[in-house]
Amino acid sequence: MTTLNSQAFKASLPVMFGYVPLGIAFGILFAGLGYHWLFASLYGLVVYAGAAQFLAVGLLSAQAGLLEVAVATLLLNARHMFYGLSLIGKLGQSRLARFYQIFGLTDETYSLVSAAKIPAGVDAAAWRLRITAFNQTWWVIGCSIGGWLGSRIEFSTAGIEFALPALFVVLLVEQYRYLRALWPFVTALLVGLFTLFVISRDQMLLISVMLALCVLLLQWRTGWPSSAKARQTGAS
Amino acid sequence: MNDVMDGVPYLLAVMVVMGLATFATRVLPFVILYRVADHPLLVYLGRYLPAMILMLLVLYSFRQEVQLSVDFLPQLGCLVLVGLLQWWLKQALVSIIAGTAAYMALVQLGWV
């Protein structure tokens, strides 16, 4: 039992070094809104999604409607839909444990629990559950420290909202490293600029994602560019 | 301070909506997609859609500011900085902090 806990703890340490600083950045950003810092911890507990929480700060300060919050969150986290596929049937018997592991399936947790390097001699499902719990603990600690710091330290945070697009660019570069193809990025850029300049700036996200989906479906039907399908079947 | 206290129900509503939407994206494969997980179209979308959505999210972050003029150069420069750092160093935190610090400096010096 204790070896299971300590092995999961050790495996989660790299995530700690990522989550605590990123959580602090979120907490500081959140504190700029003027709410009590404990709400930053609560967001880390209930929402538990890095990029979405950064997005929340922008949406909250713009007093966005709840529908916009729902749509933006769904699109932002759409990549998670493809994570669970490789974990089906691997989350253990307990309903509550399965629920919690699905709730806590962040990018980093996925990268740990989907890896083949589960220590020998431990119950894999129990190990995954502990990894999920340790990772969320690191995240909530980061959010809390950041919220607390942000509510006490007085310094100009003007421009700190750039952290969110910066996070997107980081994920974008990693996507390119994985795909090794330029056309998805160029197509999306053109579709996005077209939507911004010709259709609507305020409703840009939903419209442009719909257009991008149409382009992908069209490419699927016509088989262009030919590299797309070949790469996809080769990789899967 | 009053308007902040008035905002707490809104803050909690946004939190609940966002929590449910996030959970929905994570639970979907376990309740629906497992039936069609092997369908080539789903594999195809799963491969290319996330990259396209991320590109659109970058544009969405600047939806009020994107211009085909030099006014947008500072933002563009900071985004390129983040991309290059991530390409070379592969340290997400370094890339994000450096880009954000550069942008904050530009904003606070009045250049943006």
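Predicted model: local features only at pLDDT ≥ 70, side-chain atom pairs only at ≥ 80, totals over all residues.

Me: What makes 35 degrees the bend at B:Thr25?

Reply: The bend is the angle between two fitted axes, one for the seven residues ending at a residue and one for the seven starting there. At B:Thr25 that angle is about 35 degrees.

Me: How do you know that the span of helix H2 of chain B agrees with its 24 residues?

Reply: The expected span uses 1.5 Å times one less than the number of residues. For residues 8-31 of chain B that should give 34 Å. The end C-alpha atoms are 33 Å apart, so the two agree.

Me: Where is confidence lowest and highest in chain B?

Reply: Helix H1 (residues 2-6) of chain B is lowest, at a mean pLDDT of 50. Helix H4 (residues 73-89) of chain B is highest, at 95. Chain B averages 87, and 95% of its residues score at least 70. Where pLDDT is low, the coordinates should not be read in detail.

Me: Why is the space lined by A:Leu87 and A:Arg128, among others, called a cavity?

Reply: A 1.4 Å probe fits there but cannot get out, so the space counts as a cavity. The structure holds 1 cavity of 30 Å³ or more.

Me: Which elements give two or more residues to the lining of the largest cavity?

Reply: Helix H6 (107-113) and helix H7 (124-152) of chain A do. By class, the lining has 4 nonpolar, 3 polar and 1 charged residues.

Key: Residues numbered from 1 in each chain as written. Chains lettered and ligands numbered in written order. Heavy atoms only, no water. 1 Å grid on protein atoms, 1.4 Å probe; cavity = no way out; pocket = protein on both sides within 12 Å on 5 of 7 lines; lining within 4 Å. Points joined across faces, edges and corners; volume = space filled by probe spheres on them. Helix = DSSP H or I, 4+ residues; strand = E, 2+ residues; numbered from the N terminus. Nonpolar A, V, L, I, M, F, W, Y, C, P; charged D, E, K, R; others polar. pLDDT = per-residue confidence, 0-100.
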